[in-house]
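I opened my notebook to jot down what I could look up in this structure. Here are my entries, in the order I made them.

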Amino acid sequence: MSGPSLESEPLVAVRNLHVEFPSATGVTHAVRGVSFAIGREKLGIVGESGSGKSVTGRALMRLLPGSARMRADVLRFGTTDILQAGEREMRALRGGRIGLVLQDPKYSLNPVMTAGAQIAEALRAHKRLGRREARDAALALLESVRIRDPRRVHDAYPHELSGGMGQRVMIAMMLAPDPELLIADEPTSALDASVQAEILSLIEEQVDRRGMALMLISHDLPLVARFCDRVAVMYAGQVMEELPAADLHQARHAYTRGLLECLPSLSERRDRLPTLKRDPAWLAPRA
Amino acid sequence: MIDVGNLDIRFGANHAVRGVSFRVEPGETFGLVGESGSGKSTVLRAIAGLITEWSGRIAVDGQALGRKRDRAFFRTVQMVFQDPYGSLHPRQTVDRILSEPLEVHGVRDADTRIARALEEVALPRTARFRYPHQLSGGQRQRVAIARALVADPRVLLLDEPTSALDVSVQAEVLNLLADLRAARSLTCILVSHNLAVVAHLCGQIAVMQGGQVVERLDEAALRAGRAVHPHTQDLIRLSREVEDRAT
């Protein structure tokens, strides 16, 4: 496991990332000059659908459709230059040094393999382990994601698991090869409020304990702020504002403020919700 | 306007709804809160006539309902679903989608009604001859609301109408629902897992868990956190924890 060459270097460095999707009707510029860095910390990427937040996450793993055009001044993970790396190196990165947790475990787990077999497969793809060892390691992982009855879940098929349980299995699988970075793309949007909090605190705990970095991608600004150190707010393919999560209530950008203000509140009664006035100036390329 | 008494629903061995009772007065919006599997959507679907195997009593506007619903029922009661991608016919234009309920109920002057319905939900006139995939998520949910309202129902059943939408679009749709409710004095039932959304629209709220109503409270009590049942207290605490970050 080779970390970044210098301790002071961030784990992930992205500078001036652009992603375009050409189509018959023209070019969609999904990401327009995004820059950020992630050290051993938790970065939240927040934005509405179509803001480019997921595409940014996928670009880091080079998991974009073949038609996508990607360019950047810097796109680096550890010492790997993602723009130049060969497929072999990328395969070691994907699911190995970078784990990816997606929204709905119903679609991201293999429906005809038991949970345990999928975790063992992830383990053996990235580490030299025998079947027996892989099974023991899978059970230990299931226990570490706070599954009370790891043996039952190990032998269960995805359809026999609840959404929250499925997401725990997914997390266990992604933690299996000891990644340095976990990208969680809307990991809890398909789950209930209470399960949502459990899954996010589980991710938080594992990230802290393993000294990993986390990139949490979500449309839910308050939720992200609760679990991350820093938050980057994206709109129309650009980062509008980046700020410490604790300072969210002091957000300056009108878009960030607008996103916070349009939420209905439990504690305070409001007859009408303020709606977001989209300022065309937000679309202008930023320096 | 709506009277549900001792409603019981089983799916095989799964006892999904256990003796649920509540009344909704005319013009009121009633909230059903709970997590997935609590039975809240099942109650709504039974009222809508989408589930036929139930026992107990369901009455709308003084009329006790049977398993099969007649056309008059669907003239009175309409439903809006969570996912506008799934609930609109992908190969029908908005115009076709909105004319179907009018044809079913033999309503005349479809043309003016459709134009008015689109205006009411603030969709541009150009949307009328588009297909669902050519619209944004928020616009699609507006089409679903327009379809529910086009034949002038008196009861609107809302199943998580904003949880598939971005927060900015959610605000627009919630404002729209509040306006339409006032303009047409609609009686509504709103099912949601989001307490802030429920408190925003509903006067009376029932909290469900394991197929039962475990607590009933009004908007003021919910906002003030005056809940007795531990499950309600948990839901309120979680909702506040997230909210505190933002303010």
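Which residue in β2(B) does Ile2(B) stand opposite? I looked it up and found Val24(B). Before going on, I noted that this is a predicted model.

**Entry: the sheet of chain B**

I stayed with β1(B), which covers residues 2-11 and runs antiparallel to β2(B). I found seven bridges joining this pair of strands. One of the bridge partners I wrote down is Arg23(B) in β2(B), which pairs with Asp3(B).

Next I followed the hairpin of β1(B) and β2(B) to its turn, where two residues sit between the strands. There I noted that Gly12(B) takes a positive phi near 60 degrees.

Then I looked at the sheet as a whole. It is an open sheet of four strands in chain B, in the order β2-β1-β4-β5, and the pairing is antiparallel. Which strands stand at the edges? I found β2 (14-24) and β5 (63-64) of chain B there. Each has a single partner strand, so one side of each is left without a neighbour in the sheet.

I also checked what lies across these strands. Helix α1 of chain B, residues 40-48, lies across β1, β2 and β4 (55-60) of chain B. I noted that α1(B) runs at about 110 degrees to β1(B).

**Entry: a helix pair in chain B**

I reminded myself that two packed helices are described by the angle between their axes and the distance between the axes. In chain B I picked α4 (residues 94-104) and α5 (residues 110-120). Their axes come within 10 Å and cross at roughly 120 degrees. The two helices are therefore oblique to each other, and their crossing is right-handed.

Which residues meet here? From α4(B) I listed Asp95(B), Leu98(B), Ser99(B) and Leu102(B). From α5(B) I listed Ala110(B), Arg113(B), Ile114(B) and Ala117(B). By class, the residues of this contact are five nonpolar, one polar and two charged.

**Entry: a helix pair in chain A**

I turned to α4 (residues 115-126) and α5 (residues 131-144) of chain A. Here the axes come within 9 Å and cross at roughly 115 degrees. That makes α4(A) roughly perpendicular to α5(A). I wrote down a right-handed crossing for this pair.

On the α4(A) side I found Gly116(A), Ile119(A), Ala120(A), Leu123(A) and Arg124(A). They meet Ala134(A), Arg135(A), Ala137(A), Ala138(A) and Leu141(A) in α5(A). I sorted this contact into seven nonpolar, one polar and two charged residues.

**Entry: where the chains touch**

How many residues of chain A are in contact with chain B? I found 28 residues of chain A in contact with 28 residues of chain B. On the chain A side, α8 (193-210), α9 (221-227) and α10 (254-261) each supply at least two residues.

**Entry: what the record says**

Last, I checked UniProt. An unreviewed entry places the feature "domain: ABC transporter" at residues 2-235 of chain B. I looked at that span and found 39% helix and 26% strand, with the end C-alpha atoms 26 Å apart.

For chain A, UniProt (unreviewed entry) places "domain: ABC transporter" at residues 14-261. This span is 39% helix and 26% strand, and its end C-alpha atoms lie 30 Å apart.

Methods:
Residues are numbered from 1 along each chain as its sequence is written. Chains are lettered from A and ligands numbered from 1 in the order in which they are written. This is a predicted model: local features need pLDDT of at least 70, side-chain atom pairs count only at pLDDT 80 or more; totals for chains, interfaces and linings use all residues. Axes are lines fitted to C-alpha atoms, for helices over the stretch in contact, and angles run from 0 to 180 degrees between N-to-C directions. Angles under 35 degrees count as roughly parallel, over 145 as roughly antiparallel, 65 to 115 as roughly perpendicular and the rest as oblique. A crossing is left-handed if the near helix is turned anticlockwise from the far one by less than a right angle, and right-handed if clockwise. Two residues are in contact if their C-beta atoms, placed from the backbone, lie within 7 Å. Ala, Val, Leu, Ile, Met, Phe, Trp, Tyr, Cys and Pro count as nonpolar, Asp, Glu, Lys and Arg as charged, and the others, Gly among them, as polar. Two strands pair if DSSP finds at least two bridges between them. UniProt positions are given in the numbering used here, feature names are shortened, and annotations may be inferred rather than shown by experiment.
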